[in-house]
Amino acid sequence: MRRNQTELEAKLFKGFADQSRLLILSTILDKPKTVSDIVDKTKLSQPNTSAHLACLLECGLIRKEKRGREVFYEVSGKEVLGMLQQAQKVLKKHSKEIYECTNY
């Protein structure tokens with residue numbers, strides 16, 4: 001059972017492991033945004049943004065809501081927000097070591 005839990009945890013962190021996905025997540029933390037809004041803020045291409053949004057949706061880190069003709073994307077819950085905030089705290093304390101780390 002523990003191995004399955006560890007595999008799930010590793011899969012969860014893969015969702016956060018891409019710079020583009022983290023950029024998208026940070027862009028939608030404050031309020032829901034459309035793909036166009038996200039593209040404007042991140043400067044990622046529209047196809048790249050859409051692919052990362054699909055990944056984030058599939059693993060449950062974000063959700064979408066259709067409003068008229070537009071679809072808005074937002075962080076799926078306070079737990080995801082909390083994880084990102086905790087990561088920022090770890091970085092504040094250990095940024096030098098993480099920056100200099102050559103293992104990953």
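This is a short tour of the model, stop by stop.

The model is predicted, so local features need pLDDT of at least 70 and side-chain atom pairs count only at pLDDT 80 or more, while totals for chains, interfaces and linings use all residues. Residues are numbered from 1 along each chain as its sequence is written, and side-chain values use heavy atoms, with hydrogens and water left out.

**Stop 1: the core.** Select Leu25, Leu53 and Ile62. They have the most contacts inside the largest nonpolar core, which has 16 residues. Such a core is a set of buried Ala, Val, Leu, Ile, Met, Phe, Trp, Tyr and Cys residues joined through side-chain atoms within 4.5 Å; buried means under 20% relative accessible area (1.4 Å probe, protein chains only). Now colour α2 (19–27), α3 (35–42), α4 (46–58), β2 (70–75) and α5 (78–100): each gives two or more residues to this core. Helices (H or I, at least four residues) and strands (E, at least two) are DSSP runs, numbered from the N terminus. The largest share, three residues, comes from α3.

**Stop 2: Leu53.** Show its contacts (heavy atoms within 4.5 Å). Leaving aside neighbours within four places in sequence, Leu53 touches Ile24, Val35, Ile38, Ile62 and Tyr73.

**Stop 3: α2 against α3.** Select Leu23, Ile24 and Thr27 in α2; they meet Ile38, Lys41 and Thr42 in α3. α2 and α3 pack at about 115°, with axes 10 Å apart. Axes are lines fitted to C-alpha atoms, for helices over the stretch in contact, and angles run from 0 to 180 degrees between N-to-C directions.

**Stop 4: Glu74.** Glu74 lies in strand β2.

Terms used
Buried means under 20% relative accessible area, exposed over 50%, partly exposed in between (1.4 Å probe, protein chains only).
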